[in-house]
Amino acid sequence: MGLFEMAISNFNRAVAIMGIDEEYAEMLRRPKRCLIVDFPVLMDDGSVKVFTGYRVQHNTARGPAKGGIRYHPETNLDEVKALAFWMTWKTSLMDLPFGGAKGGVRVDPKSLSEKELRRLSRRYFSEIQIMIGPQHDIPAPDVNTNPDIMAVYMDTYSMNIGHTELGVVTGKPVRLGGSKGREEATGRGVMVTVREACRELGIETSKATVAVQGFGNVGMYSALLCNHELGCKIIAVSDSKGGIFNPNGLNIQELIEHKKSTGKVDSFPGGERIGKDDVFEMDVDILIPAALENAITEDNAHKIKAKIISEGVNGPITPEADKILNQRRVMVIPDILANAGGVTVSYFEWVQDLQAFFWSLEQIRETLESMMTEAFKETLDTAKKYGVDLRTAAYIIAIDRVMYAIKKRGIYP
Ligand SMILES: NC(=O)C1=CN([C@@H]2O[C@H](COP(=O)(O)OP(=O)(O)OC[C@H]3O[C@@H](n4cnc5c(N)ncnc54)[C@H](O)[C@@H]3O)[C@@H](O)[C@H]2O)C=CC1
Ligand SMILES: O=C(O)CCC(=O)C(=O)O
């Protein structure tokens with residue numbers, strides 16, 4: 001099953017419960033605009049290579065489109081469509097005045113020099129600029145893109161329109177119109193959902209154990225904040241090269257330093273080496289997938305022992321695996337809620353850029369925590385009201401808000 005088809009199957013469940021007309025549902029499934037760009041980039045050796053990029057706006061009924069841009073050798077239109085679709089429901093669930101979008105370039109950025117990466121980023125952003133703008137579509141980082149690339153995007157757009165426009169992308173460096181707290185935001189959001197889920201299930205966080213798959217931005221901050229702010233014991237962590245395990249708890253601060261200096265976790269001296277997929281089978285209370293889509297499938301879902309899964313990454317559980325986990329009464333906190341902290345602080349960044357007035361880190365953290373707590377509560381209440389799982393409940397809330405906008409605006413003829 002392709003990623004877009006998989007994304008739609010979750011949506012369809014909510015639509016059936018809500019009794020939405022098929023004509024509306026079909027409009028909500030389809031992206032509003034898909035742009036494919038093929039563009040040349042001058043390489044350092046004087047040759048020219050042609051790359052393919054995408055930008056998809058799924059829905060803009062509630063405001064400008066919003067979503068990250070990834071650089072990956074296997075990204076494709078189906079994937080970008082699915083990621084844009086999820087962004088619509090994520091921004092709506094968080095009640096942000098945005099729609100959903102996503103972008104990507106088919107490239108392995110590790111194969112490019114710094115100069116080649118900059119030339120690629122400039123050309124790609126110029127090519128998609130016909131869809132972009134602070135009131136149209138506001139990109140942000142995703143896999144393999146970062147604040148430096150966001151600065152290049154912002155400069156490219158500003159150069160083309162003739163003046164500096166900070167609000168055109170988020171996730172920029174803090175000293176260049178970025179927001180304090182954006183870097184940790186997704187992990188902080190994951191941490192809040194873990195805290196609220198533990199409260200609901202009567203699990204004491206200071207006694208809870210956690211396993212984390214993926215140790216990039218989302219994985220690192222999720223692990224660090226669950227450990228430092230909730231007192232959870234992080235007993236297993238993996239990255240693309242392997243995993244590390246310590247039943248007494250890993251020292252996350254030291255593990256982060258080790259990962260930054262060596263590029264891997266499995267050689268960390270404070271634990272014992274495990275396979276990268278072993279994290280799924282750990283006897284833990286909480287599992288945080290923070291690496292890739294489709295990580296939990298019908299092949300490994302029955303091996304999971306965790307009572308709570310907080311989806312740090314978009315689409316880590318296939319629909320078949322979701323069914324198995326639901327039957328086994330595992331509390332799955334869906335991606336559009338669990339990892340929404342990132343786009344929420346991106347929203348704060350956009351607001352700050354438009355007002356040219358910047359907030360303190362305390363203000364950002366407090367506002368994010370209260371919005372995440374509220375979204376979790378609303379989702380849980382809706383799940384109880386309809387007798388459904390949290391994913392379906394999250395979609396019910398998000399779809400209802402987008403439907404309201406479509407009907408009130410008269411978008412549907
Ligand atoms: N960064 C953000 O603010 C947000 C990110 N996300 C999603 O979360 C995901 C991760 O994002 P980042 O942490 O920013 O990316 P990242 O590139 O910083 O980290 C990804 C991590 O996953 C690891 N990994 C890759 N394959 C693996 C495997 N087979 N087993 C174990 N680990 C593996 C990599 O080694 C790396 O440590 C992405 O799919 C992204 O769309 C979602 C919301 C916001
Ligand atoms: O920060 C943003 O605007 C987008 C984040 C994103 O791409 C995501 O939540 O998957």
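A residue counts as near a molecule if its C-beta atom, placed from the backbone, lies within 6 Å of that molecule. The model on screen is predicted: local features need pLDDT of at least 70 and side-chain atom pairs count only at pLDDT 80 or more, while totals for chains, interfaces and linings use all residues. Residues are numbered from 1 along each chain as its sequence is written, and chains are lettered from A and ligands numbered from 1 in the order in which they are written.

**Stop 1: ligand 2.** Select ligand 2 and the 13 residues that surround it. The closest are Gly68, Ala140, Gly342, Val343 and Ser346. Two or more shell residues come from each of β3 (65-72) and α11 (341-355); helices (H or I, at least four residues) and strands (E, at least two) are DSSP runs, numbered from the N terminus. Coloured by class, this shell shows 2 nonpolar, 8 polar and 3 charged residues. Here Ala, Val, Leu, Ile, Met, Phe, Trp, Tyr, Cys and Pro count as nonpolar, Asp, Glu, Lys and Arg as charged, and the others, Gly among them, as polar.

**Stop 2: ligand 1.** Next select ligand 1, which has 23 residues around it, the closest being Gly214, Gly216, Asp239, Ala291 and Gly342. The elements that supply two or more of these residues are α7 (217-230) and β7 (233-239). Helix α7 has the largest share, 3 residues. The classes in this shell are 7 nonpolar, 13 polar and 3 charged.

**Stop 3: the domains.** Colour domain 1 (32-180) and domain 2 (183-338) separately; these bounds come from an automatic or database domain assignment. Their C-alpha centres are 28 Å apart. Across the boundary, 6 residues of domain 1 are in contact with 5 of domain 2, contact meaning C-beta atoms, placed from the backbone, within 7 Å. Return to ligand 1: both domains give residues to its shell, so ligand 1 lies between them.

**Stop 4: the core.** Now select Leu93, Val210, Val212, Ile234, Val237 and Ile286, the residues with the most contacts inside the largest nonpolar core, which has 123 residues. Such a core is a set of buried Ala, Val, Leu, Ile, Met, Phe, Trp, Tyr and Cys residues joined through C-beta atoms within 7 Å; buried means that 20 or more other C-beta atoms lie within 10 Å of a residue's own. Helix α13 (residues 390-409) gives the most to this core, 10 residues.

**Stop 5: Ile234.** Leaving out residues up to four places away in sequence, Ile234 touches Val210, Val212, Ala223, Cys226, Asn227, Gly249, Leu250 and Ile252.

Key
Two residues are in contact if their C-beta atoms, placed from the backbone, lie within 7 Å. A residue is buried if 20 or more other C-beta atoms lie within 10 Å of its own, exposed if 12 or fewer, and partly exposed in between; C-beta atoms are placed from the backbone.
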